[in-house]
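I opened a new page for this one and wrote down what I looked up as I went.

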Amino acid sequence: MAEPAIAARNLSLVFGTNDGPVHALSDVNIDIAPGEFISLIGPSGCGKTTLLRVIADLEKPTGGEIRVNGVTPEEARLARDYGYVFQAPALFPWRTIEGNVMLPLQIMGLSKAERQERARKQLALVNLSGFERKFPWQLSGGMQQRASIARALAFEPKLLLMDEPFGALDEIVRDHLNEQLLKLWAATRKTVVFVTHSIPEAVFLSTRIVVMSPRPGRITDIVDCDLGPDRPLEIRETSEFLRIAQRVREGLRAGHSYEG
Ligand SMILES: Nc1ncnc2c1ncn2[C@@H]1O[C@H](COP(=O)(O)OP(=O)(O)OP(=O)(O)O)[C@@H](O)[C@H]1O
């Protein structure tokens, strides 16, 4: 097997707080192969964002081990091995769409011509050709989020980390962006780790779904999602799709503590 894109062994992270220790991640074990599309799903506080941040070297684990593309998260970060997409688009309002995508490349020291060529290529991948000179406020929320994805792709990283990127968008826009993301993934074969609260979104997009549970934050199930690469939206009505969704739902129920 090729070297895993991500390999976590007995990974844990305990935050020290005024109310005592918070076990955000406990004994997390997973191997993610290059080119997989992995969704992390689970109730609030189960450690989805923390796991993404550990992969990105924005948080240090307190136990266990993690490798990203065969190196430590810090080395992967310094090699600009991943792109990170946040829930809110986080674009600079005073820069054009193209200017936003070019910014990380400017920091990297690429010439203006190179920056422009790369930005145009990434904007084409997210279907934003023709919008290079617009400002963020001139675009819809869905378009802004596509621009954020283009910016995350600017370094052409092998790994894309996405934290609920479509959570704030309405369902029709979200469907559309899910279809586009699948196409982008098929065209680029990047490894994607995607956080979501939506079971249909996870099943539609993923090759595997990691179900997590809180207190302590841990993996309770990993569900294969072998629907093949060609997934029209109508696949959501098939019995295979519904069977996988049901298994994820059962995993979520089992790990959920109902209070009150
Ligand atoms: N910097 C921090 N300091 C202390 N506790 C933290 C910190 N970051 C996260 N936590 C705690 O760690 C646990 C996991 O948080 P995390 O944000 O990873 O969960 P999540 O599954 O992404 O939740 P959500 O779906 O609400 O985004 C939570 O109990 C949270 O309060």
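My entries below go from the whole chain to the ligand, the backbone and the helix contacts.

**Ground rules.** I count residues from 1 along each chain as its sequence is written. I'm looking at a predicted model, where local features need pLDDT of at least 70, side-chain atom pairs count only at pLDDT 80 or more, and totals for chains, interfaces and linings use all residues.

**Whole chain.** I found eight helices and nine strands in the protein chain. For the names, helices (H or I, at least four residues) and strands (E, at least two) are DSSP runs numbered from the N terminus. The radius of gyration is 18 Å, close to the 18 Å from the globule rule for 260 residues, so the chain is as compact as a globular protein of that length. That radius is taken over C-alpha atoms, and the rule is 2.2 Å times the number of residues to the power 0.38. Along the principal axes, the C-alpha atoms fill a box of roughly 55 × 45 × 40 Å.

**Ligand.** Which residues are closest to the ligand? I noted Phe15, Ala24, Ser44, Thr49 and Thr50, out of 13 that surround it. A residue is near if its C-beta atom, placed from the backbone, lies within 6 Å. Strand 1 (6-17), strand 2 (20-32) and helix 1 (48-55) each give the shell at least two residues. Helix 1 has the largest share, with three. By class I get four nonpolar, eight polar and one charged. Here Ala, Val, Leu, Ile, Met, Phe, Trp, Tyr, Cys and Pro are nonpolar, Asp, Glu, Lys and Arg are charged, and the others, Gly among them, are polar.

Most residues other than glycine have a negative phi, and most peptide bonds are trans. Aspartate 27, in strand 2, has a positive phi of about 55 degrees although it is not a glycine. The peptide bond from arginine 215 to proline 216 is cis, with omega near -5 degrees. I placed proline 216 in the loop between strand 8 (208-213) and strand 9 (218-224).

**Helix 3 with helix 5.** How do these two pack? Helix 3 (residues 97-108) and helix 5 (residues 141-152) sit at about 25 degrees, axes 8 Å apart. Axes are lines fitted to C-alpha atoms, for helices over the stretch in contact, and angles run from 0 to 180 degrees between N-to-C directions. Ile97, Asn100, Val101 and Pro104 of helix 3 make the contact with Ala147, Ala150 and Arg151 of helix 5; contact has C-beta atoms, placed from the backbone, within 7 Å. I sorted this contact into five nonpolar, one polar and one charged.

**Helix 3 with helix 4.** Helix 3 packs against helix 4 (residues 112-125) at about 125 degrees, axes 9 Å apart. That makes helix 3 oblique to helix 4.

Technical notes: Two residues are in contact if their C-beta atoms, placed from the backbone, lie within 7 Å. Angles under 35 degrees count as roughly parallel, over 145 as roughly antiparallel, 65 to 115 as roughly perpendicular and the rest as oblique.
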